[in-house]
Amino acid sequence: GCEVVTFPADLGQGEEVEPARKKAEALGIKDIYIEDVREEFVRDYVFPMFRSNALYEGVYLLGTSIARPLIAKRQIEIAQETGADAVCHGATGKGNDQVRFELGYYALKPDIRVIAPWREWELNSRTSLIQYAEANGIEVPASKKSGEAPYSMDANLLHISYEGNILEDPWAAPEEDMFTRSVSPENAPDVPTSVEIEFEQGDPVAIDGVYLSPAAMLTKLNELGGANGIGRSDIVESRFIGMKSRGVYETPGGTILLQARRAMESICLDRGQMHLKDELMPKYAELLYNGFWWSPEREMLQAAIDDTQKFVSGVVRLKLYKGNVMVTGRKSKYSLYDEEVVTFEEDSVYDQKDAQGFIKLQALRLRTLAQSRYLSKD
């Protein structure tokens, strides 16, 4: 007896949005919110995350994780606009997304009621979910109706993920026809693609001199990466709720962006800044993966990370070739790289004799340790 308000967010996933409207209309739903949030998604979520160079467990670019805070925020805003007293999500009771959505809901509206059908109804598998949909007149794509269990897929402008089906066996190789955003590295062009990416305060702003909006930037990087077989990763990850899961990801644009950003930072950041930032990154990545985007500790880390980006501006040149992203040049007006200091030729800036005292001071504790613990035994 409740009025339902639907909200499919257009995060750049492709053709999924309009069919969702038709499904809602067919079910008699009156309030249908379909919003293009691609620019907000990339500008306010993807780019801030990339300023940290975040990788969960050293490999995962957090493509699913970073989309959940924005979806949760808009759900709460729409609930307040329409007077809804509850919000609902379609995440299973085994995964991370239920945590990510609900932590977002409660952070933004502590008294909201959450409805989670996978946990509350008799839906114990994706197959049973399809059966429920068919029994209740909800259209199911033909690709989901095949005899075998379907892949679980999540897509947005940053990535697409695949789980389930044969991927539940961590030894089984993914089938080539599963991939949708990239050619295989073996079938990528035999000629490399050269590209220049310009950065301003840590964020990419132009490709080959053409300035682009955040969403257009990521779209173009996806095209370049996908055409060159870049961005595929096969990962077994540690879910927040305590189990291991295997996922295969395509993140072509994000893979390029990460390499380019690291190259830009390598000449613009001081060693101390860069090393401390790298120490903070795993914690930042874990917070995002576990759903704590709206937490005070993530905001604290973000402020520190953003402060390091004030002088991360310049241009990086890359070569894209058969799944590889190779840096071939970087320049910045804020560069800390000094050719006069680093040259192997004669210079008037650096006195090599100074290194002797530096090394002796650095070795003092090691020499003292050796004399105390080992040499004194005699």
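The structure is a predicted model, in which local features need pLDDT of at least 70 and side-chain atom pairs count only at pLDDT 80 or more, while totals for chains, interfaces and linings use all residues. Residues are numbered from 1 along each chain as its sequence is written, and side-chain values use heavy atoms, with hydrogens and water left out.

I begin with the chain as a whole. It has 12 helices and 15 strands; these are DSSP runs, H or I of at least four residues for helices and E of at least two for strands, numbered from the N terminus. Taken along the principal axes, the C-alpha atoms fill a box of roughly 85 × 55 × 45 Å. Of the 378 residues, 45% count as buried, a term that stands for under 20% relative accessible area, with exposed over 50% and partly exposed in between, for a 1.4 Å probe and protein chains only. Contact here means heavy atoms within 4.5 Å. Among contacts between residues at least 6 apart in sequence, 69% join residues at least 24 apart.

Next, the five-stranded sheet. The order of this open sheet is β11-β10-β9-β14-β15, with antiparallel pairing; two strands pair if DSSP finds at least two bridges between them. Because β11 (210-211) and β15 each have a single partner strand, they stand at the edges, and one side of each is left without a neighbour in the sheet. Between β9 and β10, which run antiparallel, there are four bridges, and E200 stands opposite D203 in β10. Helix α8 packs on this sheet, touching β9, β10, β14 and β15, and its direction makes about 30° with that of β15. Such angles run from 0 to 180 degrees between N-to-C directions, the axes being lines fitted to C-alpha atoms, for helices over the stretch in contact.

At the other end of the strand order, β14 and β15 (residues 324-331) pair in the antiparallel sense over seven bridges. They form a hairpin with two residues between them, and K322 in the turn has a positive phi of about 45°. The bridge partner of Y321 is N324 in β15.

Helix α7 also belongs to this region. Its buried residues pack against α2 (38-51), β9 (193-200), β10 (203-207), α8 and β14 (314-321). Those buried residues are A215, M217, L218, L221, N222, L224, G225 and G226. The 14 residues of α7 (residues 214-227) reach 20 Å from first C-alpha to last, close to the 20 Å expected at 1.5 Å a residue; the expected span is 1.5 Å times one less than the number of residues. Just after α7, G229 takes a positive phi of about 70°.

Now the cores. A nonpolar core is a set of buried Ala, Val, Leu, Ile, Met, Phe, Trp, Tyr and Cys residues joined through side-chain atoms within 4.5 Å. In soluble globular proteins, nonpolar side chains tend to be buried together. The largest core here has 69 residues, of which F41, V46, M49, L62, I66, I256 and L318 touch the most other members. Helix α8 (residues 252-268) gives the most to this core, with eight residues. Apart from it lies another core, of eight residues, among them A155, L167, M178 and F179.

Leaving aside neighbours within four places in sequence, I256 is in contact with I197, L221, L224, G225, I230, L318, L320 and V325. M49, in helix α2, is buried, with a relative accessible area of 1%.

Not counting residues up to four places away in sequence, Q75 touches F7, V87, C88, F101 and Y105.

Four bridges join β7 to β8 (residues 160-163), and A155 stands opposite I160 in β8.
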